[in-house]
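User: I would like to learn how to read a two-chain model like this one. Please take the features one at a time.

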Amino acid sequence: MKLEMKDQPGQLVAALKPISAVGGNIIAVIHQRETSTPAEALDVQIVLELPEGRLPNLLELFREQGVSVVRIGEERLLYECTLIMIGHLMHTDLSDTVDQIDRTGSAEVTELSLVMPAIDAPSSARITIRSTTRAEMKRAIRILSAVAKQKDLLIIEPLEDA
Amino acid sequence: MMRIAILGFGSVGRGIARALLAKDLDITVTGLADSRSGIIDAGGIDLAAALAKKENGGPCGNAGVSPGDVVAKAEYDVLVEVTPTNVETGEPALGHIREALRRGRHVVTSNKGPIALAYPELRALAEANGVLLKYEATVCGAIPLIHAMQEGLAGNTISRLYGVFNGTCNYILTRMAAEGLTYEQALAEARDLGYAEADPTYDVEGIDAGVKLVILANALLDLHTTLDDVERTGITLLSPEALQLAEDQDCTIRLIGEIIPGAGVLRVSPRIIPKIHPLVVEGTLNAVTVEADLAGDLTFIGKGAGSAETASAVIGDLLYIQSRHVKGS
């Protein structure tokens, strides 16, 4: 989100405080003077993670601090993970496999590339999942692994940095 | 001068013999046995002659002398146990190692079976008898991973350890990615080059990598695990299409062994990995990353198998013992 505040000592800290107060996590703070900004005001862009439903609360706290919100851009599915599946993907109902992830509501399959080399031969697919949180991603991968076990598919997970 | 007895005169045993002949290491071999024969000679065995006999297809020694005889009767300071691995029972190596430790002899081994199955017991036995048990060659051949973790990284807490532990699988996956070969084609090529056994199960199903994880977990991370605790997926079902799908995103697929002590993770499985990642090594190489709290991340890359390479690890252990325990004693 992009915020506008008074260019006075302590203002930035005052603006950041409400974020932790509502359980948010600041990822980046970008702060630069733009020519369009009035001399006595300061523009700050903040990238943050917020628990679901806390945004109105945060905006209220900003208002109390005299910080005005210029723009909010929301990205719901922040986390992305790409996996590869091998097996009889079509015969084991690929749309059901995808649906089991989508049904969680907090993770979605956003991309799928499928290669079917020959009839009756196992096919391979690259599947991209996006989720709201890291925990939801773990849950989605657990669901996919369980489905894969049931359907006798091989799932190849990425090697993540810890 | 340090006296050693060598059990096993295959690739590793012969590699050790060649290195001892080529270098002046102040080590004399007083006992030697292969699966069919043995020699006991307190004055020092003629290794060149034993090598020549073996390379002509014969036994290295006399049919009347068994490995058990060498362990029990030869005069040695260190038993070098380099026979093939049995992951189910660890035998006959396990019995021989126990016997040597009970006799108050140091033991150096490249054999994964006894260390994976009975490390706590063997260590206790070594301690009770005031001797050392060394096993650098059991994990990643020439890479001095165990020494690095026990000595160089002593005092660090290891939060994660992961890498490429099996050269056969790495060769197969390298070839599938580079040439678009099927798994079967790449396996056949690995066999032709001597990188894969006639029965490749032990390598391609991730058992070998799993056993190495168990050794590292039990011996270095103080976990109490067995091969059954390792979540294990091999590479036999991998398709060239899957490797291409990874390639499309500048990634590839490697068989990765992973230990996360805090999360109870002990896992061998094919994983998608960026091609620029340090663990993406070519051919039969091994590579391991250790995440340590003080040292940060360290990655070790080197040859995981081979006659001279494995001998390097065994000889490193021998000289460690020599410098601390044998010289001047």
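The dialogue below goes through confidence, domains, the chain contact and a helix pair.

Analyst: This is a predicted model, in which local features need pLDDT of at least 70, side-chain atom pairs count only at pLDDT 80 or more, and totals for chains, interfaces and linings use all residues. Residues are numbered from 1 along each chain as its sequence is written, while chains are lettered from A and ligands numbered from 1 in the order in which they are written.

User: What is the mean pLDDT of chain A?

Analyst: pLDDT is the predictor's confidence in each residue, from 0 to 100. Where pLDDT is low, the predicted coordinates should not be read in detail. Chain A has a mean of 86, with 94% of its residues at 70 or more. For chain B the mean is 95, and 99% of residues reach 70 or more. Within chain A, confidence is lowest in strand E1 (residues 2-6), with a mean of 73, and highest in E8(A), at 96. Strands (E, at least two residues) and helices (H or I, at least four) are DSSP runs numbered from the N terminus. The model scores ipTM 0.85 and pTM 0.86.

User: Which domains does the assignment give for chain A?

Analyst: Domain bounds come from an automatic or database domain assignment. Here it gives domain 1 (2-71) and domain 2 (79-156). Taken over C-alpha atoms, the centres of these two domains of chain A are 39 Å apart.

User: Which strand of chain B is joined to E8(A) by bridges?

Analyst: Strands pair if DSSP finds at least two bridges between them. E8(A) is joined by 2 bridges to strand E10 (residues 265-274) of chain B, and the two run parallel. A:Pro158 has B:Ile272 as its bridge partner in E10(B).

User: At what angle do H5(B) and H10(B) cross?

Analyst: Two packed helices are described by the angle between their axes and the distance between the axes. The axes of H5 (residues 112-128) and H10 (residues 207-220) of chain B come within 9 Å and cross at roughly 35°. Axes are lines fitted to C-alpha atoms, for helices over the stretch in contact, with angles from 0 to 180 degrees between N-to-C directions. Residues making this contact include B:Tyr119 of H5(B) and B:Ile215 of H10(B).

Notes. Contact = placed C-beta atoms within 7 Å.
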